[in-house]
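Let's take a walk through a protein model together, one stop at a time. Have a look at the picture first, and then read on.

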Amino acid sequence: MGNMIGSVKLRLYSFYKKYNHLLILLYFIVYMAWFSYVEKTVTTHFNVVHVALDDYIPFCEYFVIPYLLWFPFVAWGVLYMALHNKSDYYKLCAFLFTGMTIFLIISTVYPNGHYLRPTYFSHHNICTMLCEYLYATDTPTNLFPSIHVYNSLGIFLAVINNKHLSKNKTVCLVTLLLTVSIILSTMFIKQHSVFDVCCAFILAAVMNLIVYRHSWARVPTTGKAGNGLTLE
């Protein structure tokens, strides 16, 4: 019995050592709790987000499909990096979590929302039903930067910066198509203003420079001693 208990403990310890990097995903609990708070408190009194281009984008219910595909898309990207490349996983989490936290801070200190959603549907199909469900569960508030857009760009950047996935043209193409369709979906089903999308692109560009373009590796200095370390 003692040997069995010891074996179980050893296996649990090995499992923990192998996958303890997944613990940072507990951030999603904090995110959802904070997001639920702002969703409940920001309902009617908010700063309206609107640009002229919003009025020229028609409502198209079929875009609700790529909009909903965002959830498995992001989950796939995070889990793939977590299970195959810890370095890329940490970079992706740094990218996603930083942007998501900035979004929450903005939503808290600057309540915002829009009036872009259609008041009724002239026809009904499964896509309009999905839109109705989405509208009922997700208020048109707390909009920028669009997390749908920002996180989609984050997954795309993680894929093209991953040594293995970046060599797979099919994966890169599918990822690009999903990213583009998700971005468009946020505007065509009237979940977000063009302003929200632009803010997400700007933030993603900044985070791309910080996470993927800046080298954080330590390299030897060229000083006389020859054994110093410095940050690039």
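Predicted model: local features only at pLDDT ≥ 70, side-chain atom pairs only at ≥ 80, totals over all residues.

What kind of peptide bond joins Phe144 and Pro145? The bond is cis, with an omega of about -5°. The phi of Asn142 is near 55°, a positive value in a residue that is not glycine. Asn142 has a relative accessible area of 4%, so this residue counts as buried. You can find another positive phi at Lys190, where the angle is about 60° and the residue is again not a glycine. Lys190 belongs to the loop between helix 7 and helix 8. Is Lys190 buried or exposed? Its relative accessible area is 7%, which means Lys190 is buried.

Now step back and take in the whole chain. The protein chain contains eight helices and four strands. Starting at the N terminus, their order is α-α-β-α-α-β-α-α-α-α-β-β. Of the 232 residues in the chain, 41% are buried. Among contacts in the chain with a separation of 6 or more, 81% are between residues 24 or more positions apart. The accessible surface of the chain comes to about 13,600 Å², and carbon and sulfur atoms account for 70% of that surface.

Next, let's see how some helices pack. Helix 2 (residues 27-41) and helix 4 (residues 86-109) meet at an angle of about 20°, and their axes are 10 Å apart. Angles under 35 degrees count as roughly parallel, so helix 2 is roughly parallel to helix 4. Their crossing is left-handed. On the side of helix 2, the contact includes Tyr27, Phe28 and Trp34, while helix 4 contributes residues including Phe97, Met100 and Leu104. By class, the residues in the contact of helix 2 with helix 4 are 11 nonpolar, three polar and no charged.

Helix 4 has another partner in helix 6 (residues 147-160), with an angle of about 165° and axes 10 Å apart. Angles over 145 degrees count as roughly antiparallel, and helix 4 and helix 6 are therefore roughly antiparallel to each other. The crossing of helix 4 and helix 6 is right-handed. Among the residues that meet here are Phe95 and Gly99 in helix 4, and Tyr150 and Gly154 in helix 6. This contact of helix 4 with helix 6 has 10 nonpolar, three polar and no charged residues.

Our last stops are two buried residues. Ala204 lies in helix 8 (residues 194-213), and its relative accessible area of 4% makes Ala204 buried. Which residues does Ala204 touch, leaving aside its neighbours within four places in sequence? They are Phe95, Tyr150 and Leu153. Phe95 is 109 residues away from Ala204 in sequence, yet their C-alpha atoms are 8.1 Å apart in space. Ser185, in helix 7 (residues 169-188), is buried at 0% relative accessibility. Apart from neighbours within four places in sequence, Ser185 is in contact with Phe63, Pro66 and Tyr67.

Note on methods:
Residues numbered from 1 in each chain as written. Heavy atoms only, no water. Axes fitted to C-alpha atoms, helices over the stretch in contact; angles between N-to-C directions. Parallel < 35°, antiparallel > 145°, perpendicular 65-115°, else oblique. Left-handed = near helix turned anticlockwise from the far one by under 90°. Contact = heavy atoms within 4.5 Å. Nonpolar A, V, L, I, M, F, W, Y, C, P; charged D, E, K, R; others polar. Buried < 20%, exposed > 50% of the residue type's maximum accessible area, 1.4 Å probe, protein only. Areas by Shrake-Rupley, 256 points an atom, 1.4 Å probe, with all protein chains shown as cover.
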